[in-house]
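This report walks through a few features of the structure shown below. Please keep the sequence and the 3D view at hand while reading.

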Amino acid sequence: MLEGRIQNKKYISKGPDETKDIGYRLGKKLRPGDAVGLYGELGSGKTTMVKGIARALGIEEIDIMSASFTIITEYDSDPPFSHIDLYRIEKDSELDEVGFWEHIGGSGISVIEWAEKAENMLPENLIRVGLTSVGEEIREITIEGRDEKDWNSL
Amino acid sequence: MLVLGIDTSCDDTSASIVENATRIISNIISNQTDIHKKYGGIVPELASRRHIEMILPVVDEALKTASVKFDELSGVAVCHGPGLIGSLLVGCSFAKALCYSKKIPLVAVNHLEGHIFSTFLEEPRPSFPFLALIVSGGHTCLYRVDDFGRYRELGRTRDDAAGEAYDKVSKLLGLGYPGGPIIENYAREGNPKAIDFPRAYLPESFDFSFSGLKTAVLNFLKKEVKLQAMESQYINPPLPPFTKGGHGGITNSELRTPNSKLLNDIAASFQKSIVDVLVRKTEWAIKKEHIRRVVLSGGVAANSELRKRMKEMGDEREAEIFIPSVLLCTDNAAMIAAAGYHHLKAGNIAGLDLNPKAYMPLL
């Protein structure tokens, strides 16, 4: 969990556009095989951030919508991109049912919303992004994991 | 021409026999028959295993109810997306095996196309062109439909689908799933003008956005809970962020407002926000496209407030509003068979290498 650990870099986003921008710059540093976990309550800007990350991979923003319904949405980008949303997942066994593991690692890049729902099963090298509402529009964004120095100057 | 339709895109397993895309001979939906009592039992919502258990008995029931044999079928139409990939796979694999062994042509139908063509299963039927607003738990899309296969997307949601907003707000209020009928029920007793929740009209486009509304409800609840916590020590204050309520637990988003009048008012005000946007944007599309026929379908089209308000708008604008009966608005295989008929006629036969996809825009 993010709580209690040294947080390498803290960004302050003043609104959805800035959250997308931080996502875009994070997305530019991602490599095939990377998995990013997004932590934050409803309305903290998780899907907004996915829009930014996906744009860095050449996917249009309008094509990224909430994935709560389909749980996994896969895009034929290069590298392939999987937008995963575990909001509706109740049990570990459901991760198998929805084909979760086929999208983690490998040659693609995946972003997982509500990553806490699979917390004890996620890969060691998961990049963790925490989004916290500190005002109506303002969000505090922390990034940690993998090569932490990478996140110092997005 | 008889077509067997199969839909396993989400929670329900469904099979249907439809004649000429217009006459339903049978329409079996797993959760609305007692079949699952015989075979299923309680299984997880998302389990594709449940589809595996249900697909045979449901298809069997569809054929029996219709008194139709395999060799009388002109084709099998299966939904290949969008939806849950594990669930879609069951329907597609079953349909492919069936078509291979019985030598029946296979056609693949987009779920959204199915929703559009559900309107042809009942009188009165619209003539082309018409506007189609598809609103469900997974989709909120507005199309211009000029003919079978000739669609233009005018707008879609940029974030949450309308039905998803219902589900998420219902969960925030501690009211359970599915959110649509639950919220609608509470809303009946509430004052829709009690709380002024935002409406994202996005006037520059026909796109929708319901994510901000969900956040506004959350923020409202947080303030309310704080207020109540000051007044009463019996109410739990919100949990700090990143607190895990056990595996699969939600953080501080699960708040409860025990005051039922307030619950009713929140439900009614939230619903008004959603319905206002859906109706207003449809009205704009009528004006801009100069089309006075509108089809409303998808699970959220089962909402009686939306049905009523859309019809009232139609009366004002002298536009015809076509809304299928509730059973045909929600997921069903008859609509897949209806759209499949047109694919069969057009010769769009699918290969046995057909693969479903979770994300599949209509065009």
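What share of the contacts in chain B with a separation of 6 or more comes from residues 24 or more positions apart? In this predicted model, such residues account for 74% of those contacts.

**Chain B overall**

Chain B has 363 residues, and 59% of them are buried. Its secondary structure is made up of 11 helices and 10 strands. The accessible surface of chain B amounts to about 14,900 Å², with 51% of that area belonging to carbon and sulfur atoms.

**Cysteines**

How many disulfides does the structure hold over all chains? The count is 0.

| Residue | Relative accessibility | Class |
|---|---|---|
| B:Cys79 | 1% | buried |
| B:Cys99 | 4% | buried |

Both entries fall under the 20% limit for buried residues, so B:Cys79 and B:Cys99 are classed as buried.

**B:Asn27**

Where in chain B is B:Asn27 found? This residue belongs to strand β3, which covers residues 23–29. B:Asn27 counts as buried because its relative accessibility is 18%, and the limit for that class is under 20%. A polar atom of the B:Asn27 side chain lies 3.5 Å from the backbone nitrogen of B:Ala334. B:Ala334 is also one of the residues in contact with B:Asn27 when neighbours within four places in sequence are left aside.

**A nonpolar patch on chain A**

Which residues form the nonpolar patch on the surface? They are A:Ile12, A:Val134 and A:Ile138, and together they have about 250 Å² of accessible area. A:Ile138 sits in the loop that runs between β6 (127–133) and β7 (139–144) of chain A. Is A:Ile138 buried, partly exposed or exposed? With a relative accessible area of 35%, A:Ile138 is partly exposed, since that class lies between the limits of 20% and 50%.

Key: Residues numbered from 1 in each chain as written. Chains lettered and ligands numbered in written order. Predicted model: local features only at pLDDT ≥ 70, side-chain atom pairs only at ≥ 80, totals over all residues. Heavy atoms only, no water. Disulfide = S-S within 2.5 Å. Buried < 20%, exposed > 50% of the residue type's maximum accessible area, 1.4 Å probe, protein only. Helix = DSSP H or I, 4+ residues; strand = E, 2+ residues; numbered from the N terminus. Polar contact = N/O pair within 3.5 Å; in protein donor to acceptor, adjacent residues only side chain to side chain. Contact = heavy atoms within 4.5 Å. Patch = residues over 30% accessible without salt bridge, like charges linked within 9 Å, V, L, I, M, F, W, Y side chains within 5 Å. Areas by Shrake-Rupley, 256 points an atom, 1.4 Å probe, with all protein chains shown as cover. Salt bridge = Lys/Arg side-chain N within 4 Å of Asp/Glu carboxyl O.
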